[in-house]
Amino acid sequence: MKRFRAGCGRECDGPDDLKDLAYIDLAYPECPACEHRLEPADGPPFCRWIDITASLPFAELAKLDTSIGEA
């Protein structure tokens with residue numbers, strides 16, 4: 001089993017062969033306003049729970065120097 005974490009910090013266990021889980025219950029009070037909630041046009045809203053050992057998807061972008069292009 002692998003451990004997964006949502007944007008709100010909640011964690012759960014899941015299969016070892018997955019990098020992320022789609023959580024579609026959205027049962028917590030803060031779910032409707034959560035910035036990690038995804039709402040695809042062709043399906044139900046869901047939350048993406050990511051493997052806790054993986055780096056965050058945009059972590060590398062956050063490290064970029066904001067002065068790039070300011071010449």
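So, the largest cavity: its lining is made by Ala6, Cys8, Arg10, Tyr23, Leu26, Tyr28, Glu30, Cys31, Cys34, Arg37, Cys47 and Trp49. By cavity I mean a set of points, on a 1 Å grid over the protein atoms alone, where a 1.4 Å probe fits but cannot get out, and a lining residue has an atom within 4 Å of a point. The space in this largest cavity is about 70 Å³. The volume is the space filled by probe spheres set on the points, with grid points joined across faces, edges and corners. And how many cavities of 30 Å³ or more are there? The count comes to 1.

Before I go on, a word on the model. It is a predicted one, where local features need pLDDT of at least 70 and side-chain atom pairs count only at pLDDT 80 or more, while totals for chains, interfaces and linings use all residues. Numbering starts from 1 along each chain as its sequence is written, and side-chain values use heavy atoms, with hydrogens and water left out.

Okay, the overall layout. The protein chain has 1 helix and 5 strands, and from the N terminus the order is β-β-β-β-β-α. These are DSSP runs numbered from the N terminus: helices are H or I with at least four residues, strands are E with at least two. The chain has 71 residues, and 14% of them count as buried. Buried here is under 20% relative accessible area, exposed is over 50%, and partly exposed is in between, with a 1.4 Å probe and protein chains only. The chain exposes about 5600 Å², with carbon and sulfur atoms supplying 57% of that; the areas come from the Shrake-Rupley method with a 1.4 Å probe, and for residues only the protein chains shown count as cover.

One more figure for the whole chain. Take contacts, meaning heavy atoms within 4.5 Å. Among those with a separation of 6 or more, 41% are between residues 24 or more positions apart.

Now the core. Which residues make up the largest nonpolar core? They are Phe4, Ala6, Leu26, Cys31, Cys47 and Trp49, 6 residues in all. The rule for a nonpolar core is a set of buried Ala, Val, Leu, Ile, Met, Phe, Trp, Tyr and Cys residues joined through side-chain atoms within 4.5 Å. In soluble globular proteins, nonpolar side chains tend to be buried together.

Let me pick two of those core residues. Is Leu26 buried or exposed? Leu26 counts as buried because its relative accessibility is 16%. Leu26 also has a positive phi of about 45 degrees, although it is not a glycine. Most residues other than glycine have a negative phi.

Next, Gly9, in the loop between strand E1 (2-5) and strand E2 (11-14). Gly9 is 40 residues from Trp49 along the chain, and their C-alpha atoms are separated by 9.4 Å. At 39% relative accessibility, Gly9 is partly exposed.

Over to Asp51, in strand E5 (residues 46-51). Asp51 has a relative accessible area of 9%, so it is buried. Its side chain makes polar contacts with the side chains of Lys2, at 3.5 Å, and Thr53, at 2.9 Å. A polar contact is a pair of N or O atoms within 3.5 Å; within protein, one must be able to donate a hydrogen and the other to accept it, and residues adjacent in sequence count only if both atoms are side-chain atoms.

Lys2 itself is in strand E1. What else does the Lys2 side chain reach? The backbone oxygen of Leu18, at 2.9 Å.

Asp13 is in strand E2 and is partly exposed at 45% relative accessibility. The side chains of Asp13 and Arg3 make a polar contact of 3.0 Å. Not counting residues up to four places away in sequence, Asp13 touches Met1, Lys2, Arg3 and Phe4.

Last stop, Pro44, in the loop between strand E4 (37-38) and E5. Pro44 counts as exposed because its relative accessibility is 54%. C-alpha to C-alpha, Pro44 and Asp25 are 9.8 Å apart in space, and 19 residues apart in sequence.

Notes: 1 Å grid on protein atoms, 1.4 Å probe; cavity = no way out; pocket = protein on both sides within 12 Å on 5 of 7 lines; lining within 4 Å.
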